[in-house]
Amino acid sequence: MRRQKGPSLHMTWSCFLKINAPHSHSASGPSNGWVSVSHSCPPTRGTFSFKAAVTATDTTTKVKMESRSVIYANHLNLKATELRLGLPGTTEEPKKEKTVHAIRNNKRQVRQTSEESISISKASHVHTPPAKAKIVGWPPIRSYRKNSLQESEGDGIYVKVSMDGAPYLRKIDLKLYMGYPQLLKALETMFKLTIGEYSEREGYKGSEYAPTYEDKDGDWMLVGDVPWDMFKTSCKRLRIMKASEARGLGCGV
Amino acid sequence: MREREREREREEVSESSSSKSRGGSCTEGLENVLENVLENVLNFLTSRRDRNAASLVCRSWYRAEALTRSDLFIGNCYALSPRRATARFTRLKSLTVKGKPRFADFDLMPPDWGAHFAPWASALAQAYPWLEKLHLKRMSLTDHDLSLLADSFAGFRELLLVCCEGFGTPGLAAVASKCRLLRVLELVESVVEVEDDEVVDWISSFPDTQTTLESLVFDCVECPINFDALEALVARSPSLTKLRLNRYVSLPQLYRLMLRAPQLTHLGTGSFSSTEAAAVSDQDPGYAAAFEACRSLVCLSGFREIWVDYLPAIYPVCANLTSLNLSYADVNAHQLKSVIRHCHKLQTLWVLDSICDEGLQAVAATCKDLRELRVFPVVAREETEGPVSEVGFEAISQGCRKLESILFFCQRMTNAAVVAMSKNCPDLVVFRLCIIGRYRPDPVTLEPMDEGFGAIVMNCKKLTRLAVSGLLTDRAFEYIGKYGKLVRTLSVAFNGDTDLGLKYVLEGCPNLQKLEIRDSPFGDVALRSGLHHYYNMRFLWMSTCKLTRQACQEVARALPRLVLEVINSDENAGDDIQTLYMYRSLDGPRRDAPRVVTILH
């Protein structure tokens with residue numbers, strides 16, 4: 001069992017761009033609800049370039065009015081395109097694709113932003129992947145297949161929950177919970193057990209079970225060790241272990 | 001026997017002689033005889049390509065072939081009207097119709113674009129009361145259509161719906177209850193509409209008596225089913241060999257079904273986990289024993305919500321498996337190894353990349369007979385690294401020399417690995433490599449991926465289907481045009497440099513039928529270079545390329561039998577074309593296009 005991880009350094013520049021995103025998106029739109037914005041700039045050899053064939057899907061899906069504005073971290077007051085170091089997960093959607101719904105007259109703004117973002121990334125000399133605007137139909141996997149796997153395509157962060165000794169799996173949506181207390185309560189109700197209080201020093205001492213999770217690196221960690229937002233984005237699956245087994249996991253810094 | 005034949009011939013000749021007195025000629029009688037003979041001979045022709053060739057010999061052969069064709073394949077539902085099909089082929093027992101182009105699966109088409117089955121349904125209902133089999137792909141059909149089918153064909157036996165949508169459980173119930181001779185009901189990757197208040201218990205709609213069911217596939221149906229009714233249905237279907245359950249069937253329920261049907265050859269295991277309610281009373285009832293009892297099992301799929309601890313239950317059947325689909329099961333390398341090491345006879349394997357390169361190496365070590373491999377990504381977005389790479393890919397090429405078809409999603413790939421596969425696996429017919437990171441060069445050499453794909457078309461002489469990815473220049477397409485002489489289907493996305501690329505392909509690939517291109521810098525010059533070939537193609541798709549309306553208009557005028565559908569969601573795009581979908585049609589442009597589609601003429 002690995003020890004708790006410290007905060008890692010991330011320069012996810014894509015979070016820190018502020019776009020003058022459209023504040024009004026006409027909900028009616030074209031009658032079939034199918035809006036598309038696309039612009040292509042052929043790449044020069046050997047460089048990344050930003051290409052987005054960005055299309056809003058039909059109006060029956062939830063239309064997200066996300067602006068790509070900066071989410072202020074806990075105690076820092078950030079300006080639009082400032083670079084900073086921060087924990088992953090402390091901005092709204094650090095590494096996920098953002099669905100950019102832009103109607104026609106915002107085309108230029110989007111393009112400007114992308115050029116902005118490229119120049120910033122070059123300036124920072126950090127090898128980060130290109131802007132993760134959501135590209136319709138890429139990669140070419142049927143939505144039917146995508147939906148079956150644990151992917152938070154905006155609607156929910158579904159993780160499997162297993163419990164030692166119980167031969168069944170449950171699935172929960174992490175997006176439904178505001179923080180650890182609610183999550184733990186939900187788990188207690190779901191599996192009819194008590195998990196008890198979490199303390200940094202002693203973990204879940206005193207209860208029969210301890211909730212653990214597997215993070216993106218494949219490490220098993222104790223639930224509660226990292227900030228909630230970081231947990232939400234890095235949790236791959238949950239496992240409710242017998243407390244005796246969970247003792248090796250990191251507890252406290 | 002001979003005497004009788006001669007007598008019959010004489011009768012026929014004399015018949016025609018009497019028609020001679022009515023103005024007919026003596027040769028007419030002979031022609032009739034020959035046509036009869038021809039029909040008898042043509043009955044033996046099954047391949048549609050052979051039949052198409054035969055029908056071109058002369059009018060009499062055309063007629064005889066039309067009368068004897070019992071299985072009709074229509075690759076594009078808009079290539080002709082239903083009436084034309086029913087007028088020419090009067091004795092069909094089986095029909096296959098395909099609708100939308102493949103890129104519709106990836107939301108690149110408006111949802112109401114078309115491919116409605118309704119006009120076909122009514123034409124078929126009138127023309128072929130003895131129709132037995134219907135196979136539809138990417139068509140839009142309603143419950144009403146299904147009801148009409150169920151009502152119209154008394155001898156109906158097989159219904160296959162692949163990637164279809166628009167219908168729901170009422171339609172299924174109609175088919176189940178009215179098609180008394182039904183043998184095959186297969187729903188594959190189709191979207192079954194489920195409105196909560198309208199869900200019909202279609203499983204209970206099957207007749208109470210013993211059924212003739214051989215295949216029941218409904219793994220894509222996203223709503224619960226009546227399990228008791230299903231169990232009873234399986235129990236009274238002694239011919240059932242193929243059963244694929246949806247994810248609402250739990251492991252204990254699967255167990256019960258397997259006990260009822262040990263004769264199964266193809267099994268889709270449903271969720272392969274338990275619901276809470278079942279778990280309470282659940283001790284492991286011996287799942288492995290149930291699998292062991294299915295001695296004929298050769299094809300295993302499902303595992304929709306797999307509880308991996310139970311995966312060992314399938315060990316007893318692994319040695320006989322020829323096909324294994326774990327592509328909905330998030331298993332790691334270790335878990336896969338425990339299974340795959342038994343699977344010496346495996347020919348088809350679908351997995352997730354959660355098995356990592358290590359898992360692929362294990363596959364390569366054991367599955368020497370592998371013909372088809374598909375590796376899907378768990379994380380469907382661009383990342384710098386992924387769990388599978390050129391390492392696993394090359395291992396597969398080393399170990400699975402008989403590989404014929406591969407679909408491989410990854411975040412990185414090297415030219416060297418692709419070249420290796422081209423040499424190790426010369427039998428490749430289908431090569432689809434999807435490097436999820438767009439414009440990604442070879443990470444080791446930083447070169448484009450031209451040489452890798454070039455080697456594939458050069459060395460794999462049987463290649464008919466190719467999908468390219470990564471950073472590609474015109475050179476890659478030059479290779480394809482030069483060596484890809486048998487290529488029928490080509491998929492291009494975010495590739496290429498100039499019009500030359502597409503030009504190479506259109507000029508060099510005489511067998512090209514289906515060309516789907518998105519987000520690539522090909523424009524008018526390239527489009528014009530294919531004028532000599534477009535009538536030979538099933539379709540051309542180009543979206544977010546560099547076409548102008550004017551050039552498309554030119555093509556439309558030059559080739560009157562082509563239908564050019566321009567889909568521009570942005571009303572004011574000006575001269576730029578967002579999507580061009582172009583296909584040949586004998587009956588002119590369709591009349592059911594939505595507003596977003598403009599048909600050029």
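User: Where in chain A does P139(A) lie?

Analyst: P139(A) is in the loop between α1 (107–124) and α2 (143–146) of chain A. Helices here are DSSP runs of H or I with at least four residues, strands are runs of E with at least two, and both are numbered from the N terminus. Please keep in mind that this is a predicted model: local features need pLDDT of at least 70, side-chain atom pairs count only at pLDDT 80 or more, and totals for chains, interfaces and linings use all residues. Residues are numbered from 1 along each chain as its sequence is written, chains are lettered from A and ligands numbered from 1 in the order written, and side-chain values use heavy atoms, without hydrogens and water.

User: What kind of peptide bond joins W138(A) and P139(A)?

Analyst: A cis one, with omega at about -5 degrees. Most peptide bonds are trans.

User: Why is E189(B) called buried?

Analyst: Its relative accessibility is 18%. Buried means under 20% relative accessible area, exposed means over 50%, and partly exposed lies in between (1.4 Å probe, protein chains only). At 18%, E189(B) therefore counts as buried. You will find E189(B) in the loop between β6 (184–188) and β7 (191–193) of chain B.

User: What makes D519(B) a buried residue?

Analyst: D519(B) has 2% relative accessibility, so it falls in the buried class. D519(B) also has a positive phi, near 50 degrees, although it is not a glycine. Its place is the loop between β19 (514–518) and α21 (524–528) of chain B.

User: Which residues touch the most other members of the largest nonpolar core?

Analyst: F291(B) and F431(B) do, in a core of 187 residues. A nonpolar core is a set of buried Ala, Val, Leu, Ile, Met, Phe, Trp, Tyr and Cys residues joined through side-chain atoms within 4.5 Å. A second, separate core has 32 residues, including V161(A) and I240(A).

User: What is F291(B) in contact with, leaving aside its neighbours within four places in sequence?

Analyst: Among its partners are L254(B), M258(B), F272(B) and V317(B). Contact means heavy atoms within 4.5 Å.

User: How confident is the predictor in chain A, going by its average pLDDT?

Analyst: The average is 58, and 40% of the residues score at least 70. pLDDT is the predictor's confidence in each residue, from 0 to 100. Over residues 1–78 of chain A the pLDDT is below 50, yet this stretch has 176 contacts in the model beyond near neighbours in sequence.
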